[in-house]
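Dear colleague,

I am passing on to you the structure we spoke of, and below it I set out what was found in its packing. Please look through the model with these notes beside you.

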Amino acid sequence: MAKLDIERILDMYNYFDGAIITDEQGVILYYSNSRSDIYDHRRSDIIGKKLLDLYPSMAEEESSIMQVLKTGKPIYDRVQTLVNDHGQHVTNMYSTLPIIRNGEIVGAIDLSRCINQGMERESIVLPQTRVENADTVYQVNDIITTSTEMKRIKALIPKIANTDSAVLIYGETGTGKEMVAQSIHAHSGRSSHNFVSQNCAAIPPTLFESILFGTVKGSYTGAEDRPGLFETANGGTFFLDEINSLDLNLQAKILKAIEEQHITRIGSTRPVSFDIKIVAAVNEDPTRCVAEKKIREDLFYRLSTVFIEIPPLRERLADIEVLTDYFVSTFNARMNKNVIGVDDEVRTILMNYSWPGNVRELKNVIEGAFNIIDSRLITRHNLPQYIFRNFDSEIKRLEIMEESLNLSEKVDTFEKRLIIQALDSTPSTSAAATKLGITKQSLNYKLQKYNLKKSL
């Protein structure tokens, strides 16, 4: 999305009431609503649902999001009237932009503002962040895994939870960084206080400083007395996700606030102290982010007192099957169905797909299958088409690569994959050797041959 488009929207609206981000199929990935007086949808009821399922009376051609996904062309200032859950007719102005990656439409972002006479906002209200209490955060036991590395992370969480040291979590999108962050909070002495989560990529830089530090009335047009996120998280945990997307100048101010343990609201001269545990996350290699000036070096060292790296799903092969079975059980209960699992073809596809969206993508694929399944087994016909496009291209790449391999090299490639899977699903080399049906000495030889790390 072009920076110019964002600035144009901000100039047009000065603020917006709601934001929705969808994938290329119209499935909602992000939802923000600052007008709870008009719409009382909960994020948990919105995320993962198809847009048109939420508005069954709306035709596809009436939806600006679906039109943008179809044409790839932005829509500005479209006016539309919808009926909310309270029977009110609400007229909104929408601007919708395509999200394009490598020349393909991969989603859309839609910003809206209520323009009903008498229902307009009288002042600027900053977008809400998410605040969780002790009853809603994830616990360590909610992390479903059979991976040795993930089990190590689960064992680490209670050890680091009761210190004030900052934690930096590195993992690709969808690996479960926030689940780990919430588990840290849940097992700490701060668990009775707020867990405040903010995705740094979701807020325009022009608004972020106000959101972080708060405002006082009159500091700018429409500003009200409002605490920032540091104040909201006082006594609890503040989770800053995708901090590598944050402007470097703001990173400097965050570092200063963390070091001094106080902030000053915009428009005020009075410092406000806070006591919080900082957990931050990045979705790119943090050392590369430092080298590429995406993260300030001093902030990186301040945040990475404790460093956790979550492996991607493609490196946790044993977890794919475990998580698939878990999600099938979850959606059976949630949708009142009796699906027994996936068929052999789907299982092969799931085990060999690269999962760029990691656990979140796997969950969405299984949920999507539950929406259209008409049997007790998930088959290839229940999977989204993009899976096959990506899977087929990956298979072709491997086939081309394997054409140059002789029989011995092909056997080695297959054997190496089996060893990786055994190591990842067992606590030691001895256990992995037992699972593979070979001696520990033989496994150690193969680890050296394939330059693989030993399990702890």
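In this predicted model, the largest nonpolar core comprises 36 residues, and those with the most contacts inside it are Leu212, Phe230, Phe238, Ile243, Ile278 and Leu303. Several elements each supply at least two residues of this core, among them strand S7 (167-170), helix H7 (205-213), helix H8 (229-232), strand S11 (237-241) and helix H9 (248-260). A second, separate core holds 27 residues, including Ile320, Ile349, Met351 and Trp355.

For Leu212 in particular, once its neighbours within four places in sequence are left aside, the contacts are with Gly228, Leu229, Phe230, Phe238, Leu240 and Ile254. After H7 comes Gly214, which has a positive phi, near 85 degrees.

The other residue I would point to is Thr324, which lies in helix H12 (residues 317-335). Is Thr324 buried or exposed? Its relative accessible area is 2%, and because this is under the 20% cut-off, Thr324 counts as buried. Beyond its neighbours within four places in sequence, Thr324 is in contact with Val342, Leu350, Leu362 and Ile366.

With best wishes

Terms used: Residues numbered from 1 in each chain as written. Predicted model: local features only at pLDDT ≥ 70, side-chain atom pairs only at ≥ 80, totals over all residues. Heavy atoms only, no water. Core = buried A, V, L, I, M, F, W, Y, C linked by side-chain atoms within 4.5 Å. Buried < 20%, exposed > 50% of the residue type's maximum accessible area, 1.4 Å probe, protein only. Helix = DSSP H or I, 4+ residues; strand = E, 2+ residues; numbered from the N terminus. Contact = heavy atoms within 4.5 Å.
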